[in-house]
Amino acid sequence: MPFIANTDAQRNEMLAEMGMTMEDLFADIPPQLRHDNFDLPAGISEQQVRDKLADIAGTNMISLTCFLGGGFYDHFIPAAVYALMSRSEFYTAYTPYQPELSQGTLQAIYEYQSSICRLTGMDVSNASLYDGGTALYEAMMMALSATRRRKVIMDTSVNPIYRMMIRSYTENLAIALAEPSCEQGMVNRDAYDRLIDDDTAAVIVQNPNFFGCIDDFSDLAEMAHRRGALLIMSCYPIALGILKTPKEMNADIVTGEGQSLGIPMSFGGPYLGFMGATKKLVRKMPGRVVGQTIDKHDQRAFVLTLQAREQHIRRDKATSNICTNQALCALTAHAYMSLLGKQGLPEVAQLCVDKAHYAYERLTAIPGIKPQFRGKTFFNEFVLDLPCEARYVVGQLIAKGFAAGFPLSRYYDNMENALLVCVTEKRTKEEIGMLAEALESVL
Amino acid sequence: MVKEGLLYTKEHEWVRVEGDSATVGISDHAQEMLGDVTFVELPEANASFAQNDPMAVVESSKAASDVYCPISGTVMEVNSPLEDAPELINESCYEQGWICKVQMANPQELDTLMNAEAYGQFLAEQS
Amino acid sequence: MKLVFEKSVPSRKAFRMGPRDVPSSVSIDESLLRKKPADLPELSELDVVRHFTELSRRNFGVDTNFYPLGSCTMKYNPKVNERIASYPGFAHLHPLLPQLRMGGMLTQGALRVLYEMDRFLCEIAGMDGFTMQPMAGAHGELTGLMIMAAYHRSKGTQKKYILAPDSAHGTNPSSAAIAGYEVISVPTGNRGILEPEEVRRHLNPEVAGLMLTCPNTLGLFNPHIAEICELIHGVDGLAYYDGANLNAIVGQARPGDFGFDIIHINLHKTFSTPHGGGGPGAGPVGVRADLVDFLPVSVVVKRDDGTYALEYDRPHSIGYVAPFYGNFGIILRAYVYILMLGKEGLKRVSQNAVLNANYLKEKLKDHYDLAFDGVCKHECVFSPTQAMLDNDVHALNIAKSLIDRGFHPPTIYFPSIVREAIMIEPTETESKETLDRFIAAMIEIAELALSDPQQIRDAPVTTPVSRPNETIAARVLDIASIA
């Protein structure tokens, strides 16, 4: 039997030594609760399973040229990233409960936390959360707990998938959630001025927002802080390579999806929720945290810290129910950031900007296509206003070999013709030209 | 060690009464159970608590314990040196390690607390 | 060892970007840009590779050492799983593709994996529908409790309490609290299991449900499990099965047959996906037929023509708990594992896991205090003897001494209802030879604890660091190196 070590002879030997039969070992399960005839297939060999899964993988269409973003990006991943995260000393370990045996994982996570702080400008970071959406939810819970207030304001320019997640999570809780509409693709300051009150725990925004537009939320931070509320920002980490940091805008908590930092798209996961915060909020931060200390010989050492508030000790009074982190994904992101480095990350970000703007010029030059939000500064995504329904256009372009973008009508009313187009550094000038030709041909 | 002259709760808080003010801390037994205290989350000044409400948190590397308000009232003063020196709870739980001073709203509640002798007996029964 | 930042050399680069085939004419207004670049390392590719390789050598993993961490099911992670997860047809698949018009047809393979995994898990657990979305065990618990709340809401009742035994994983009470419930902790009886009378004593009409691990964290199967589920149903509560310990009964019995209504399964335990140093895992949630409508969106369905599709229009659904379809890469690995083992293989998994645990228990019970005697399932729980404790040798010291002998220690100080618990879970992938070496080490430590306790208290001596100071870590709170 694959993956099971003991032979039948050894099994019998062990049972004999114990004076027991295999049935004795399961005698504590009442017979009427046993189940014998499982309707499952017979096992197959490695060769069979690899062939079978190669066939299954083959029915997934990955040959489309990808202009699809929406918070999940097709960035280039250096080979060394995969090589490093594939070291089984990392991936076959578990939570570093025994620090002496886990200095590799612990130091990697400490360095990851440091990289996230350096990238976002924030004072502290945790060892990661499940994904960008749950990270944003955890940030919201953190703000509710820190302010002891019950109201949250979340802009409609925040990723609609995250907004739906947050609505689900808060269904059974006494939390008032307001979602003011954005104005021309940007946060409408007037609405916030009216909405933020003495019971507001947090204002949640995104940069670049779901439409790709870049903003400076310094004024919103000031508006929130004046009334005792916190500013939470969801961010795209590649964009942080060049954009004004959440810290420079005085945000209190920053979260984001770390997938773009060297993690494959893998049909939605596993991904990486990163989180940074001000020092003041460190004890409200959920999840695992690695700290630096010294060992009994005064050598540098790393341990899990701030664990006293976590669920295995504090049970129903814990700051969060999150028990694990996405350690391997955090390690992957850390390897990616280390390889790209201080110069490489801004270069990737700038390349994304340059290619996206080139595509914007090419595509908006097509007769009948207009920009949806004219004159707004964007990073590597922008919204086109097509002369017909975007979802049909996208359907036609699939046949021509393009995933041309994301039709916004799925999540926004009155935007039937709006198409969100994303361009990463992987796209070439030639591919952009071919998309422009294909798009023009189907209009 | 149980200090004479103080009142105690089953949750191991102590209370020192001076007029209508009650100084609150955690007992020697409590600090010993926690081990090295690494952080104290103090209540906010002017916050009001009912008896048995959680009002503060004392954290060590192995546990985080709520401190329950032993007597209803309003917080008049907190021991802010604990923010930088949480170890005062271990070193001097009855003196420098006090947590806050509460203006009592209902001093009759003091009757529900134990004196040093009763608390000593309570601890003996617990072990 | 130096931090990666401390190895940095100004202007050194590992990576060339590009192609840069478009004009670099764009300038974003300076007010929107950061003042200086993030201070990430400046290293060559070899520098980075050496750094991470050096880090990896400071880790124990299943591939390097026996790792009997109780309640964590540290079984071998087959290499073929990793290979298949990296197939471009899976790794490069954008999650938004099926949301495009006719896009479901572009991802038939991925949808098939999700659909078939749903069917497999339903059969293994005795449930009627699964969601693959929860991204960890605790996330599964929260999802299950949200389903529980939706069920009670749909009946027009608002319930308040969740029962959980005092031996439960800490995530149970924590998830219940996050879901908006108050937790009633039910004491474990002196046989080490939850007794029906205790459950009855704590029942009231406001009880929304019960969360239970079976076998429990002591490795004991509760023979009264069906009766307990019935008691909960008697107050219109739901019984939640925490599948953390499913490895003990997989292929032998099904939680659905016991009377459980909701279950989560930790794919990173029973179904061999790597633990990753603490994640990513996956915690799919299964429910019985009348709860299927509450499952999160989307749900994968198989159409009459044999194609697969995602369903979003489900008015009773609790909504979204994950951005997409769960940790697909993890689900895929578990799917491959189930295909390879098949029906007979899964049955042998639990047989060998239970055999190995009982073998360890029998061989060690004369040397350590056994918390509860009798047949155990996938794990057993010991304590140091009184004589060891009198010598100031504690569970922690025994754990650290195992390190010097080349073993990852068992889980210690959990479950908390056992004093100085040492919780050992060998799993089925370990051989008798490995178990015998571990037993010999444990016996040697037991003897030294009495004859030379100082040696045990000084451990470990073979690791790169020894006894890091956790108090200093928590007081100083240096959790990031910021330039």
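Predicted model: local features only at pLDDT ≥ 70, side-chain atom pairs only at ≥ 80, totals over all residues.
Is C:Glu54 buried, partly exposed or exposed? With a relative accessibility of 37%, C:Glu54 counts as partly exposed.

C:Glu54 has a partner: its side chain meets that of C:Lys7 in a salt bridge, with N and O 3.8 Å apart. C:Glu54 belongs to helix α1 of chain C, residues 45–56, while C:Lys7 sits in the segment before α1, so the pair ties together parts that are 47 residues apart in sequence. C:Lys7 counts as partly exposed too, at 25% relative accessibility.

Why might such partners meet? Side chains of opposite charge can pair when their charged atoms come close.

## Other salt bridges to look for

Over all chains, the whole structure holds 53 salt bridges. One of them joins C:Arg254 to C:Asp257, whose closest N and O atoms are 3.0 Å apart. Here C:Arg254 counts as buried, because its relative accessibility of 14% falls under the 20% cut-off. C:Asp257, on the other hand, is partly exposed at 32%.

Another salt bridge in chain C brings together the side chains of C:Glu311 and C:Arg314, at 2.9 Å from N to O. C:Glu311 is partly exposed, with 31% relative accessibility, and C:Arg314 is buried, with 14%.

## Where chain A meets chain C

Now turn to the interface between chain A and chain C. On one side, 193 residues of chain A take part in the contact, and on the other, 209 residues of chain C. Together the two chains bury about 17,600 Å², and carbon and sulfur atoms give 63% of that area. Within the area that chain A buries against chain C, A:Phe3, A:Arg118 and A:Phe267 supply 6%, more than any other three residues.

Polar and charged groups meet here too. There are 92 residue pairs in polar contact across this interface, counting pairs with both residues at pLDDT 80 or more. Helix α12 of chain A, residues 327–364, gives the largest share of the chain A side, with 25 residues. Sorted by class, that side of chain A has 99 nonpolar, 56 polar and 38 charged residues. The salt bridges between chain A and chain C number 11. In one of these, the side chains of A:Glu13 and C:Lys432 come together at 3.3 Å, N to O.

A:Thr364 is a residue of helix α12 of chain A. A polar atom of the A:Thr364 side chain lies 2.6 Å from the backbone oxygen of A:Tyr360. Beyond neighbours within four places in sequence, A:Thr364 is in contact with A:Ile369, A:Lys370, A:Pro371 and A:Leu384.

## Two domains in chain C

Chain C has a domain 1, covering 82–340, and a domain 2, covering 348–458. Taken over C-alpha atoms, the centres of these two domains of chain C are 31 Å apart. Domain 1 brings 22 residues to the contact and domain 2 brings 19.

How much area do domain 1 and domain 2 of chain C bury between them? The figure is about 1,500 Å², with 62% of it on carbon and sulfur atoms. The count of salt bridges between these domains of chain C is zero, but five residue pairs are in polar contact across their interface, both residues being at pLDDT 80 or more. The side of domain 1 that touches domain 2 in chain C is made up of nine nonpolar, 11 polar and two charged residues.

## A stop in chain B

Finally, find B:Gln103 in strand β9 of chain B, which spans residues 100–104. B:Gln103 is partly exposed, with a relative accessible area of 35%. Although B:Gln103 and B:Ala22 are 81 residues apart in sequence, their C-alpha atoms are 6.3 Å apart in space.

Which residues does B:Gln103 touch, leaving aside its neighbours within four places in sequence? The contacts are B:Asp20, B:Ser72, B:Gly73, B:Thr74 and B:Met76. With B:Asp20, the link is also a polar contact between side chains, at 3.2 Å.

How values were computed. Residues numbered from 1 in each chain as written. Chains lettered and ligands numbered in written order. Heavy atoms only, no water. Contact = heavy atoms within 4.5 Å. Buried area = accessible area lost by both parts, 1.4 Å probe. Salt bridge = Lys/Arg side-chain N within 4 Å of Asp/Glu carboxyl O. Polar contact = N/O pair within 3.5 Å; in protein donor to acceptor, adjacent residues only side chain to side chain. Helix = DSSP H or I, 4+ residues; strand = E, 2+ residues; numbered from the N terminus. Nonpolar A, V, L, I, M, F, W, Y, C, P; charged D, E, K, R; others polar. Domains from an automatic or database assignment. Buried < 20%, exposed > 50% of the residue type's maximum accessible area, 1.4 Å probe, protein only.
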